Amino acid sequence: MRFWCSGLLLLTAFPLWADAPRMRDLPTVERDVVDQAVLRGVDFLLTRQNRDGSWGSPTRTKHLNIYAPGDAHAAYKAGTTALCLESLLRMEKGLSTFPENAGAERREKLSEAIDRAEGWLLENLPKLRRSSPDVLYNVWGHAYGLTTLRWMYTRNVPVAKRSERLEKIRKAAQKQIEMLDKCEYLSGGWGYYNFNMAARKSPDVSNSFVTATVLVGLADAKAMGVEVPERLVKNGLTSLLRQRRPDGTYLYSENFLTHASLISNSPGSLGRSQAGSLALLCWERGDVATQAVVREWLKRLVVQNGWLDVGRKRPKPHESYFLVAGYFYYYAHYYAAQLLERVDDPSLRADLANHLVSLNLPLQEKNGSWWDYPLYDYHPFYGTAMAVVSLLECRRAMFGF
């Protein structure tokens, strides 16, 4: 009875919209407020970087730990470090648009942290492998690694070092594509578990959101001039589209093609739909991820955000309403913010950005971090990285830089 009543209250506060959701009017967040939040987040990452250049560790264990057989933590660290490095590279590129108090000292610290992180990533990303027959967490490291390698590729470095550097980055990207080829599921697409049987090519079912993340990474590789097998992209898109409903919701995985689940409803898909739309647009499927679809799902994320928020920081995956897991919160906002540039109405783009900023600024911790799910000691770093990327993209949509 208590659960039913609380669910009814949530449904009243965060309704399931049949029509296009309506956003309420909000005052515009001042640029200085956004800037200070970003700088605090960046400073958190700078002060908590590991000595070897990475972020995160297999500490802070709890009674309920995510399954991590073999060398699974290498995947956690690679994915986390790639996201942190991406956020710092974005920050370095846009630092000149921040107030003077961002200053030369922070720029020097930022550059040094990026150099260390790049060294770690170029050394360790090519070594990343599947940790056991039943787990493929490494896929996250390969996918986020490709996106970060693209940001490394566009970094401004001395001309004398540029040619050798670019070739090294391209080789690292090519290696990630080879590993993603090996980790592709038999039916196409990607996931991170293989509980059906031990096989080189998993006969298990792919996840829509993992496949979307990989497709975005592959698009970043292509943008660097790295060859991406057409078969991989075609199979990934086919898998993603199989899991997409006409209204823009995405199934959690292909398991749910034959039976219904709460996680497949609109609130359960809030995180997945943003990544799905971006992946389709990266591969020129605007016929599916139309302007209307992108707009509606960005609005849904704003209006129905409470369904994600109520699952934030819960220690057990999928224990919240609509089986939402905490780790979908910043994942959703990370991809939503990157979709903003696809919105063709500047006024709506700025309004959506302002709503996303307004949702996330109050969630920043006292130490400057953001986190949504307790995952050993990786969560404050990947959470902060995703939040910083989101705020930087929103800042650009709101203020033009």
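Analyst: Before we start, one term: a residue counts as buried when its relative accessible area is under 20%, as exposed when over 50%, and as partly exposed in between. Also keep in mind that this is a predicted model.

User: Which residue's side chain makes a polar contact with the side chain of Arg90?

Analyst: Leaving out residues up to four places away in sequence, Arg90 touches Trp151, Gln338, Val389, Leu392 and Glu393. One of these also pairs up with Arg90 through a side-chain polar contact at 2.7 Å. That partner is Glu393.

User: What about Lys62: where does its accessibility put it?

Analyst: Lys62 sits in the loop between helix 2 (31-47) and helix 3. Its relative accessibility is 25%. The class between buried (under 20%) and exposed (over 50%) is partly exposed, so Lys62 counts as partly exposed.

User: How many Å separate the C-alpha atoms of Lys62 and Leu375?

Analyst: Along the chain, Lys62 and Leu375 are 313 residues apart. Lys62 also touches Pro315, Tyr373 and Pro374, not counting residues up to four places away in sequence. For the C-alpha atoms of Lys62 and Leu375, the separation is 9.1 Å.

User: How many residues in the contact of helix 10 with helix 12 are nonpolar?

Analyst: On the helix 10 side there are Val294, Leu298 and Leu301, and they meet Ala332, His333, Ala336 and Leu339 in helix 12. Sorted by class, one residue is polar and none is charged, and the nonpolar ones number six.

User: And helix 7 with helix 8: what is the handedness of their crossing?

Analyst: Helix 7 (residues 208-223) and helix 8 (residues 230-242) pack at about 145 degrees, with axes 9 Å apart. Where they meet, Ser208, Thr211, Ala212, Leu215 and Leu218 in helix 7 face Val233, Gly236, Leu237, Ser239 and Leu240 in helix 8. By class, that contact has six nonpolar, four polar and no charged residues. The crossing itself is left-handed.

User: Back to single residues. Is Glu284 buried or exposed?

Analyst: Glu284 is in the loop between helix 9 (266-282) and helix 10. It has a positive phi, near 60 degrees, even though it isn't a glycine. Its relative accessible area is 71%, and over 50% means exposed, so Glu284 is exposed.

User: Which class does Phe322 fall into, buried or exposed?

Analyst: Phe322 belongs to the loop between helix 11 (305-309) and helix 12. Its phi is positive too, about 55 degrees, although Phe322 is not a glycine. With 13% relative accessibility, Phe322 counts as buried.

User: Last one: what is the relative accessibility of Asn354?

Analyst: Asn354 lies in helix 13, residues 346-360. Setting aside neighbours within four places in sequence, Asn354 contacts Leu26, Pro27, Thr28, Val29 and Met398. Asn354 counts as buried, with a relative accessibility of 3%.

Terms used: Residues numbered from 1 in each chain as written. Predicted model: local features only at pLDDT ≥ 70, side-chain atom pairs only at ≥ 80, totals over all residues. Heavy atoms only, no water. Axes fitted to C-alpha atoms, helices over the stretch in contact; angles between N-to-C directions. Helix = DSSP H or I, 4+ residues; strand = E, 2+ residues; numbered from the N terminus. Left-handed = near helix turned anticlockwise from the far one by under 90°. Contact = heavy atoms within 4.5 Å. Nonpolar A, V, L, I, M, F, W, Y, C, P; charged D, E, K, R; others polar. Polar contact = N/O pair within 3.5 Å; in protein donor to acceptor, adjacent residues only side chain to side chain. Buried < 20%, exposed > 50% of the residue type's maximum accessible area, 1.4 Å probe, protein only.
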